[in-house]
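Hi there,

Here is the structure I promised to pass on. Have a look at it first, and my notes follow below.

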Amino acid sequence: MQFIQQMINGITIGAFYSLVALGYTMVYGVLKLINFAHGDLFMWGAYLGLTGLNVALGLLANDTPWVILPVIILVMITVALGGVLVDRVAYKPLRSAGRLAPVISALGVAFILQSLARNLYGASWRTYPHGITPSGGIVLAGGVRIGIMQIIVLVACFLLMGALYLFTQRTRLGTAMRAVSLDHDTSRLMGINVDRIIAVVFLIGPGLGGVAGMIVALYYGSFDFTLGWTFGLKAFIAAILGGIGNIPGAMLGGMMLGIIETLGSGYLSPQWKDVIAYAILIIILIFRPTGLLGERVAEKV
Amino acid sequence: MALLKIENLHTYYGHVHALKGVDLEVEEGEIVSLIGANGAGKTTTLRTISGLIRPVQGTITFDGQTISGVPAHQIVGKGVSQVPEGRQIFSTLTVTENLNMGAYTLGGDKEAIEQNRRRVYDLFPRLEERKNQLGGTLSGGEQQMLTIARALMAQPRLLMLDEPSLGLAPLLVKTIFETVREINAHGVTILLVEQNARAALKVAHRGYVLETGHVVLSGPARGLLQDERVRKAYLGEK
């Protein structure tokens, strides 16, 4: 029974990692750029959610959890636009400058976003308003407990990932996105506006990241400005684990990392969870350097 | 009036002055072959026409409209499609998805897309059999068919092919050139770039010979096949 409980917790954390990992993997897909600023865009989702909730609760008479819904949508839109802005200012001018310069630029943006958050919100831990998140839970057979909040975040994460998967597989724009991630010039010859596709990626990735930031903050209740580094880095690792550039891979990698970490800390000790998680990561990468789903079909026969 | 008219085209490829004043014309309904050695500027010429490279000087006119300097993704919609060199299919997209990308400029016009799909499947029945397969799992010949079919999905008036015979078995090369003739018979104007000069001139109405960024010879294809210099330099005759 303890195992099932651990799995449920692991899947929850895994869903967070997956949602953030998608942003890394999508940008890598179209630009072959590791967007180190993505973790901090995600962190900003948590802070903007905090401000949004405080403002909304100030306007309302009573504390209703429904206030989360409009705030989370606003956060998603704001962080998505932030992502496009970061691309315009820091990456787009460096499009033809090789691969190293944009990575350095991404690190710069990451530091700027982090310092901004620290200077504006302070360095101490911040807490979401009390009583806003629905508490309680369901106790299943054998004492396995699922919190209401856990159910809500799981449903939200899986809905978002499902929608993204359908978008990339079934729509014209989504297919064009996959085409661009394979070959920019050939995509242009098809009439695809590559710059516009890149902009769409910088909307969707950080948009999902922003939602994830607020969900993570709601789930844990408190966070600080290092959230982007600590949690974001894990999500980046999840993207690598699944095969960077591969959207289902990011989802799988996030889930695996979340589950391994939780099982490790549950059965051994919480202090060893990172050791276990990274040891397994290293082992997987030794045997599959391209990540779990990173294998490409032979490009030329 | 020529469908495609290129005047005094200068293009840099990196730091290399790849095209040094190319003049070229293609009439509606023609097959024109552009031959020359490796590095003569054949591919650069196509890439400049399709907008992937910006010319530094000179003009390209298509159907009376200046298209030099127009970004590549807007040129397809004007009726110019390029089949890139080296079978650049989207390897992790299915055959159907590859074709849909070819029809990207048609937007949501499902009827036109379906009609074009029918037409390219008639031309390449093999692709219909493979429609749910990933592009990367096709054989070399099938991949080349797919690149041509994909370019036709945009309903081009001018189809530009870059080395379609490269790396294919002789029998397949023959099939590809027959297909080029068939596409032309359906009213599509063709600009063909080839190292296989003999086959390219045999299929063409007219030809141009490119040497280090200059047009050194041009004329009716039959004439070029007889030309002393062409025979020596490009047809491997002594």
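**Charged pairs in chain A**

Glu261(A) counts as buried because its relative accessibility is 3% (buried means under 20% relative accessible area, exposed over 50%, and partly exposed in between, with a 1.4 Å probe and protein chains only). Before going on, please note that this is a predicted model, in which local features need pLDDT of at least 70 and side-chain atom pairs count only at pLDDT 80 or more, while totals for chains, interfaces and linings use all residues. Residues are numbered from 1 along each chain as its sequence is written, chains are lettered from A and ligands numbered from 1 in the order in which they are written, and side-chain values use heavy atoms, with hydrogens and water left out.

What does Glu261(A) form a salt bridge with? The partner is Lys234(A), and the closest N and O atoms are 3.1 Å apart (a salt bridge is a side-chain nitrogen of Lys or Arg within 4 Å of a carboxyl oxygen of Asp or Glu). This pair links distant parts of the chain, 27 residues apart: Glu261(A) sits in helix α10 (residues 247-267) of chain A and Lys234(A) in helix α9 (residues 227-242) of chain A. Helices (H or I, at least four residues) and strands (E, at least two) are DSSP runs, numbered from the N terminus. Lys234(A) is also buried, at 9% relative accessibility.

Lys234(A) forms a salt bridge with Asp274(A) as well, with 3.2 Å between the closest N and O atoms. Asp274(A) lies in helix α11 (residues 273-287) of chain A and Lys234(A) in helix α9 of chain A, so this pair ties together parts that are 40 residues apart in sequence. Asp274(A) itself is partly exposed, with a relative accessible area of 31%.

**A charged pair in chain B**

Arg130(B) and Glu142(B) meet through their side chains in a salt bridge (2.9 Å, N to O). Arg130(B) lies in the loop between α5 (125-129) and α6 of chain B, and Glu142(B) in helix α6 of chain B, so parts 12 residues apart in sequence are tied together. Glu142(B) is buried at 4% relative accessibility, whereas Arg130(B) is partly exposed at 24%.

Returning to chain A, salt bridges that share partners join Lys234(A), Glu261(A), Lys273(A) and Asp274(A) into one network. The whole structure has 17 salt bridges over all chains.

**The sheet in chain B**

In chain B, 6 strands form an open sheet of mixed pairing, in the order β6-β7-β8-β3-β9-β10 (two strands pair if DSSP finds at least two bridges between them). β6 (80-83) and β10 (214-220) of chain B stand at the edges with a single partner strand each, so one side of each has no neighbour in the sheet. Strands β7 (residues 158-162) and β8 (residues 189-194) of chain B run parallel and are joined by 5 bridges. Across this pair, Leu159(B) stands opposite Ile190(B) in β8(B).

**One more spot to look at**

Leu203(A) is found in helix α8 (residues 194-220) of chain A. With 35% relative accessibility, Leu203(A) counts as partly exposed.

Happy browsing!
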